[in-house]
Amino acid sequence: MEDATPSSMSSNKPYLIKAFYEWISDNDLTPYIMVDVNVYGVLVPMSYVADGQIVLNIARSAVGTIALGDKTIEFSARFGGILEHLTVPYGAIGAIYAKENGAGTSLPIEHPTEGEDEIVEVAEKPKSPLSSVASTGRETGESIKPKGKSKVSLKIIK
């Protein structure tokens with residue numbers, strides 16, 4: 001068996017996010033993620049972005065379908081009554097927490113390196129009403145404030 005050094009290992013971020021997602025959901029709480037839209041490959045409705053960040057409700061009851069893949073989280077959600085398909089690379093997630101009590105964790109933002117083809121494929125999907133934002137290299141944790149009068153919310157309709 002070959003020894004793996006920490007620098008040669010894959011990111012542990014997808015594993016941590018998936019574990020926190022399950023833990024928060026299993027406790028009947030609402031998992032939210034804070035996403036830095038400056039990371040290459042992020043595909044979200046830009047009109048809901050404030051200060052380069054967006055907070056998203058990723059509870060199974062709030063999204064159409066959700067896939068926690070190896071490189072990205074993909075799901076559908078309604079924004080202003082319009083169904084959108086979102087793609088969030090794990091590297092763009094700065095926090096995952098429960099809406100009700102804040103239990104969760106913050107995580108470092110990871111920008112993709114040259115040769116990470118999986119993220120490039122996601123960012124180049126044609127005919128999307130959403131826009132992908134190229135990385136600016138900004139990795140600060142600014143406060144999240146709603147933009148104008150709009151408030152991000154998802155409504156469950158039964």
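**Labels and the values behind them**

User: Why is D51 called partly exposed?

Analyst: The relative accessible area of D51 is 34%. Buried means under 20%, exposed means over 50%, and partly exposed is the range in between (1.4 Å probe, protein chains only). The 34% of D51 falls in that range, so the label is partly exposed. This is a predicted model, in which local features need pLDDT of at least 70, side-chain atom pairs count only at pLDDT 80 or more, and totals for chains, interfaces and linings use all residues. Residues are numbered from 1 along each chain as its sequence is written, and side-chain values use heavy atoms, with hydrogens and water left out.

User: Is D28 buried or exposed?

Analyst: Exposed: the relative accessibility of D28 is 70%, and the cut-off for that label is over 50%.

User: How do you know how many helices and strands there are?

Analyst: They are DSSP runs numbered from the N terminus: helices are H or I runs of at least four residues, strands are E runs of at least two. On that basis the protein has two helices and nine strands, which follow one another as α-β-β-β-β-β-β-β-β-α-β.

User: What makes β1 a mostly covered strand?

Analyst: Six of the six residues of β1 (residues 31-36) are buried. P31, I33 and V35 point one way, Y32, M34 and D36 the other way, and both groups are buried. D36, for instance, has a relative accessible area of 2% and is therefore buried. A polar atom of the D36 side chain lies 2.8 Å from the backbone nitrogen of N38. A polar contact is a pair of N or O atoms within 3.5 Å; within protein, one must be able to donate a hydrogen and the other to accept it, and residues adjacent in sequence count only if both atoms are side-chain atoms.

User: How do you know that β1 pairs with β7 and with β3?

Analyst: Two strands pair if DSSP finds at least two bridges between them. Five bridges join β1 to β7 (residues 93-98), and five join β1 to β3 (residues 53-57). Both pairings are antiparallel. M34 stands opposite A95 in β7, while D36 stands opposite Q53 in β3. Three bridges join β7 to β8, again antiparallel, with T105 of β8 as the bridge partner of I96.

User: What is the order of the strands in this open sheet, and what makes β3 and β8 its edges?

Analyst: The four strands run β3-β1-β7-β8, with antiparallel pairing. β3 and β8 (104-106) are edge strands, as each pairs on one side only. The twist averages 20 degrees from one strand to the next.

User: Which strands does α1 lie across?

Analyst: Helix α1 (residues 13-26) lies across β1, β7 and β8, at about 20 degrees to β7. Axes here are lines fitted to C-alpha atoms, for helices over the stretch in contact, and angles run from 0 to 180 degrees between N-to-C directions.

User: What makes a set of residues a nonpolar core, and which elements supply the largest one?

Analyst: Such a core is a set of buried Ala, Val, Leu, Ile, Met, Phe, Trp, Tyr and Cys residues joined through side-chain atoms within 4.5 Å. The largest has 28 residues, and V44 and L56 have the most contacts inside it. α1, β1, β3, β5 (72-79), β6 (82-89) and β7 each supply at least two residues; β5 gives the largest share, four.

Technical notes
Contact = heavy atoms within 4.5 Å.
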